[in-house]
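Please view the sequence and the model before reading on.

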Amino acid sequence: MMKLYRRENGRVTHYHEAWASGSKIIEHWGELGTRGQQREHKVDRKLGKDRSIARVLEPAIQAGFEPIDRDGHELLLVEYTVQGFGTPPELEKRHALEDRLNETLGWTGVGHVDGGSIGSGTMEVACIVVDAAVAKRVIEVDLRDTPFCDYSRIFVETAD
């Protein structure tokens with residue numbers, strides 16, 4: 001997978017990405033925080049998957065899209081209150097939430113889930129995102145009126 005982003009006035013505004021799926025390359029792009037659009041391309045057997053992905057994304061690169069390294073991402077946590085070290089159903093809930101958020105953040109171009117933790121009275125899902133404010137808004141909308149809407153807070157973890 002290759003993920004590219006465009007910035008305007010110092011903020012990430014759009015995403016453009018592609019990945020291999022069998023004999024196809026899936027291209028996905030849009031405004032950051034939206035589901036965007038997608039199209040399929042055939043893998044060029046002469047080029048292989050990685051070079052086919054690069055070829056699909058070449059117009060986006062020419063238009064100013066570029067990757068953002070790990071240091072350019074933020075760690076956003078979705079936190080829930082649990083009793084003590086949590087229960088097996090709470091752990092199942094966390095795993096289901098990780099899957100849901102990974103799907104939501106990926107399809108809106110905002111980021112991905114990087115695991116979670118449970119214990120000492122809290123349960124968290126860690127999200128690596130390119131814009132915490134957009135990601136928080138996307139997550140709040142996605143979790144509204146679901147079994148996951150009872151989070152205690154969504155916040156950026158800082159080094160302090």
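The model is predicted, with pLDDT of at least 70 required for local features and 80 or more for side-chain atom pairs, while totals for chains, interfaces and linings use all residues. Residues are numbered from 1 along each chain as its sequence is written, and side-chain values use heavy atoms, leaving out hydrogens and water.

**Overall fold**

The protein has three helices and eight strands; helices (H or I, at least four residues) and strands (E, at least two) are DSSP runs, numbered from the N terminus. Their order along the sequence is β-β-β-β-α-β-α-β-β-α-β. Along the principal axes, the C-alpha atoms fill a box of roughly 55 × 35 × 30 Å. Of the 160 residues, 41% count as buried, where buried means under 20% relative accessible area, exposed over 50%, and partly exposed in between (1.4 Å probe, protein chains only). Among contacts (heavy atoms within 4.5 Å) with a separation of 6 or more, 59% join residues 24 or more positions apart.

**Helix 2 and helix 3**

Two packed helices are described by the angle between their axes and the distance between the axes. Helix 2 (residues 88–107) packs against helix 3 (residues 132–143) at an angle of about 125°, and the axes are 11 Å apart. That angle makes helix 2 oblique to helix 3. Axes here are lines fitted to C-alpha atoms, for helices over the stretch in contact, and angles run from 0 to 180 degrees between N-to-C directions; under 35 degrees counts as roughly parallel, over 145 as roughly antiparallel, 65 to 115 as roughly perpendicular, and the rest as oblique. From helix 2, L97, R100, L101, T104 and L105 meet A135, V138, I139, D142 and L143 of helix 3. This contact has seven nonpolar, one polar and two charged residues. In this classification Ala, Val, Leu, Ile, Met, Phe, Trp, Tyr, Cys and Pro are nonpolar, Asp, Glu, Lys and Arg are charged, and the others, Gly among them, are polar.

**Aromatic pairs**

The whole structure holds two aromatic pairs. Rings of Phe, Tyr and Trp (its six-membered ring) pair if their centres lie within 6.5 Å; planes under 30 degrees apart count as stacked, over 60 as edge-to-face and the rest as tilted.

| Pair | Centre distance | Plane angle | Type |
|---|---|---|---|
| W19 and W107 | 5.7 Å | 75° | edge-to-face |
| Y80 and Y151 | 6.4 Å | 85° | edge-to-face |

W19 in strand 2 (residues 11–21) and W107 in helix 2 are 88 residues apart. W19 is buried at 17% relative accessibility, whereas W107 is partly exposed at 24%. Y80 in strand 5 (residues 74–81) and Y151 in the loop between helix 3 and strand 8 are 71 residues apart. Y80 is buried at 3%, and Y151 is partly exposed at 24%.

**Single residues**

N9 is not a glycine, yet has a positive phi of about 55°. N9 sits in the loop between strand 1 (2–8) and strand 2 and is exposed, at 84% relative accessibility. S120 also has a positive phi, near 55°. The loop between strand 6 (111–119) and strand 7 (122–129) holds S120, which is exposed at 65%.

E157 follows strand 8 (153–156) and is partly exposed at 42%. The C-alpha atoms of E157 and E74 are 7.9 Å apart, although 83 residues separate them along the chain. Leaving out residues up to four places away in sequence, E157 touches L75 and L77.
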